[in-house]
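Subject: Structure handover

Hello,

Here is the structure I said I would pass on. My notes on it follow below.

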Amino acid sequence: MTTTRLEPGSLAPAFTLLDQDDQAVTLKDLRGGRVILFFYPEAMTPGCTTEACDFRDSLNSFASAGVRVIGISKDDVAKLKRFAERDRLNYTLLSDEDLAVQQAYGVWGEKALYGKIVVGSIRSTFVVGEDGRIERAWYNVKATGHVARIRRELGLDG
């Protein structure tokens, strides 16, 4: 568990994780373009499916603006593959089974779930700039409406 909170201007923590096709993806290799990293609790659950499909449905506007979308969860590669296929998710999903990346980004910790405090993935999103620094950080977001908010704040709904 972590109390880390990344702020705009801080360097995005480096990582190398496997995607849904069992290929390594390194944050450093994505430099030169903006990247949205969205952390979600668990593939194929209702809220996470809603959020993932919202990103899928907005992918053209993000891509047109040169922004790459990447989802990260604690799910294993096989589950991510099923999630991507089932919901036609046309972007990269990364597996963080050991939670190291979630801890580095401050998205693994205590949260309220159905009125109880539990430890788990805190739904959060980051925009990483071309220089590898955090441009925006949203912690503890709602699955519904979040993608529309990101598009508005990035000026993509013009």
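Among contacts in the protein chain between residues at least 6 apart in sequence, 65% join residues at least 24 apart. Please keep in mind that this is a predicted model, and that every value in these notes was computed from it.

Overall layout

The protein chain has nine strands and four helices. Read from the N terminus, the elements come in the order β-β-β-α-β-α-β-α-β-β-β-β-α. The radius of gyration is 14 Å, close to the 15 Å that the globule rule gives for 158 residues, so the chain is as compact as a globular protein of that length. The C-alpha trace spans about 40 × 35 × 30 Å along its principal axes. Of the 158 residues, 51% count as buried.

The sheet

Seven strands make up an open sheet with mixed pairing, in the order β2-β1-β5-β4-β3-β8-β9. Its edge strands are β2 (24-26) and β9, each of which pairs on one side only. Ignoring direction, neighbouring strands of this sheet are turned by 30° against each other on average.

Strand β1 (residues 16-19) and strand β5 (residues 92-95) run antiparallel and are joined by two bridges. Here Leu 18 stands opposite Ser 95 in β5. Helix α2 (residues 77-86) packs on the sheet and touches β1, β4 (67-73) and β5. The direction of α2 makes about 160° with that of β5.

Two hairpins

Strand β8 (residues 124-128) pairs with strand β9 (residues 134-138) in the antiparallel sense, over four bridges. Val 128 has Ile 134 of β9 as its bridge partner. The hairpin of β8 and β9 has five residues between the strands, and Gly 132 in this hairpin takes a positive phi near 85°.

The other hairpin is formed by β6 and β7, with two residues between them. Strand β6 (residues 108-113) and strand β7 (residues 116-121) are antiparallel and pair over six bridges. Leu 113 has Lys 116 in β7 as its bridge partner. In the turn, Tyr 114 has a positive phi of about 55°.

Backbone angles to check

Most residues other than glycine have a negative phi. Arg 88 is not a glycine, yet has a positive phi of about 50°. Arg 88 sits in the loop between α2 and β5 and is exposed, with a relative accessible area of 60%. Leu 99 also has a positive phi, near 70°. Leu 99 lies in the loop between β5 and α3 (100-104). Is Leu 99 buried or exposed? With a relative accessible area of 14%, Leu 99 is buried.

Helix α1 against helix α4

The axes of helix α1 (residues 46-64) and helix α4 (residues 146-153) come within 9 Å and cross at roughly 25°. The two helices are therefore roughly parallel to each other, as angles under 35 degrees count as such. On the α1 side the contact is made by Glu 51, Asp 54, Phe 55, Ser 58, Ser 61 and Phe 62, and on the α4 side by His 146, Val 147, Ile 150 and Arg 151. By class, this contact of α1 with α4 has four nonpolar, three polar and three charged residues.

Two buried residues

Trp 138 is in strand β9 and counts as buried at 6% relative accessibility. Leaving out residues up to four places away in sequence, Trp 138 touches Arg 123, Ser 124, Thr 125, Val 127, His 146, Arg 149, Ile 150 and Glu 153. Of these, His 146 and Ile 150 are also named in the contact of α1 with α4. The C-alpha atoms of Trp 138 and Glu 7 are separated by 9.4 Å, although these residues are 131 residues apart along the chain.

Thr 49 lies in helix α1. At 14% relative accessibility, Thr 49 counts as buried. With residues up to four places away in sequence not counted, Thr 49 touches Met 44, Phe 83, Arg 86 and Asp 87.

Best regards

Notes
Residues numbered from 1 in each chain as written. Predicted model: local features only at pLDDT ≥ 70, side-chain atom pairs only at ≥ 80, totals over all residues. Heavy atoms only, no water. Axes fitted to C-alpha atoms, helices over the stretch in contact; angles between N-to-C directions. Parallel < 35°, antiparallel > 145°, perpendicular 65-115°, else oblique. Contact = heavy atoms within 4.5 Å. Nonpolar A, V, L, I, M, F, W, Y, C, P; charged D, E, K, R; others polar. Pairing = 2+ DSSP bridges. Rg over C-alpha atoms; globule rule 2.2 N^0.38 Å. Buried < 20%, exposed > 50% of the residue type's maximum accessible area, 1.4 Å probe, protein only.
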